[in-house]
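Biologist: I'd like to learn how to read ring pairs and helix packing in a model. Could you walk me through one?

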Amino acid sequence: MVDRRTFILSSGLLLVGGCVGRSNASDDRSSIPAISNVAAFAEIEEAIGGRLGVGLVSPDGELILSHRGGERFAMCSTFKAPLASVLFAAHEAGTVDMFKKFDLKEADRVPYMPFVEKKLAEKLPVSLHELAGAAVMTSDNAAANLILKATGGPEAFTKFVRANGDSVTRLDRMEPELNENAPGDPRDTTTPEAMAKLMHKLAVNGAPLDIDKLTLRKWMEDSKTGATRIRAGLPKGWSVGNKTGTASGGIARNDIAIFKPPNAEFPLEPLTLTIYIDRPTAPPKQVDAAMAEVARVVVQLIFGID
């Protein structure tokens, strides 16, 4: 990887609305200027191969940074974060009871199901609410499938995101088939911009007054995956929650995060960052490091912090 300072110095930034470093920022930190032409992202993309997609949404829901932000990428398990909101909405509508316990079955098995595997072994009933937490925090595939089946399947997921203003994101299959990521196949895809805006609406906008949004945020904060991705690029002490997505064979490697600096220094609501990587040629550890580097570049651009 190229040295981080080299990325910053060679980035050739085009700032819409002026410099966003702390020394020149206005007193109103709720409004952040948009940034375009971040050459650092192109350099990161070149270093790892494949396509890199980035979307950053401000605390007030405005898109402020994008790199291939309008291109489609396979969601993989990043869909499990908005899936929790699908369940919350179904419970609110009375079509499911997400707290009712039921028994798991051997037929529920799919590859990678740490939570469901444990509950099956213990022969303990579970609730859809518990499964949603497992899907977000541990990326349990069986948990996600059970929620999809209870709430109307991939079609209902897509209908939900459409109702929340997302005309792009679509879910077509269950786990693990949705990770296929065939070239040119629009199934089970999103764009970095669309997912960033969707997650802002589902987990940030009005969250202090919405227990479901706070629950989703808490699950993302307690995520057991992604320590080497976006989280690794944020300063210590910052609040962050994330949801990863990974396809076998290294053909997709993603992360979405909701993060904020300490309020004492930057009195902001959270920002939403999405990173999608399609068919990188670099090893997985280097790809994860690239995601961390994207996060570092974002922090330097928006907050002036090296």
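Predicted model: local features only at pLDDT ≥ 70, side-chain atom pairs only at ≥ 80, totals over all residues.

Biologist: Let's start with the rings. How many aromatic pairs does a search of the whole structure find?

Modeller: The search turns up five. As a general idea, you describe a pair of aromatic rings by how far apart the centres are and by the angle of the planes. Take Phe73 and Tyr276: their ring centres are 6.2 Å apart and the planes meet at 35°, so this pair is tilted. Planes have to be under 30 degrees apart to count as stacked.

Biologist: Where in the chain do Phe73 and Tyr276 sit?

Modeller: Phe73 is in strand E5 (residues 73–74) and Tyr276 in strand E11 (residues 271–278), so to speak a link between distant parts of the chain, 203 residues apart. Both residues are buried.

Biologist: Which residues do ring pairs link into a cluster?

Modeller: That would be Trp238, Phe259 and Phe303.

Biologist: Now helices. How do I read the packing of H2 and H11?

Modeller: Two packed helices are described by the angle and the distance between their axes. Here helix H2 (residues 39–48) and helix H11 (residues 284–303) pack at about 175°, with axes 10 Å apart. That angle makes H2 roughly antiparallel to H11.

Biologist: Which residues make the contact?

Modeller: H2 brings Ala40, Phe41, Ile44, Ala47 and Ile48, while H11 brings Gln286, Val287, Ala290, Glu293, Val294, Val297 and Val298. By class, the contact has 10 nonpolar residues, one polar and one charged.

Biologist: Last one: how many residues of helix H6 are buried?

Modeller: Nine of the 11 in H6 (residues 141–151), so the rest of the structure largely encloses this helix. Among the buried ones are Asn141, Leu146, Ile147, Leu148 and Thr151. The buried residues of H6 pack against H3, helix H4 (114–122), helix H5 (128–137) and H7.

Notes. Residues numbered from 1 in each chain as written. Heavy atoms only, no water. Phe/Tyr/Trp six-rings, centres within 6.5 Å; stacked < 30°, edge-to-face > 60°. Helix = DSSP H or I, 4+ residues; strand = E, 2+ residues; numbered from the N terminus. Buried < 20%, exposed > 50% of the residue type's maximum accessible area, 1.4 Å probe, protein only. Axes fitted to C-alpha atoms, helices over the stretch in contact; angles between N-to-C directions. Parallel < 35°, antiparallel > 145°, perpendicular 65-115°, else oblique. Contact = heavy atoms within 4.5 Å. Nonpolar A, V, L, I, M, F, W, Y, C, P; charged D, E, K, R; others polar.
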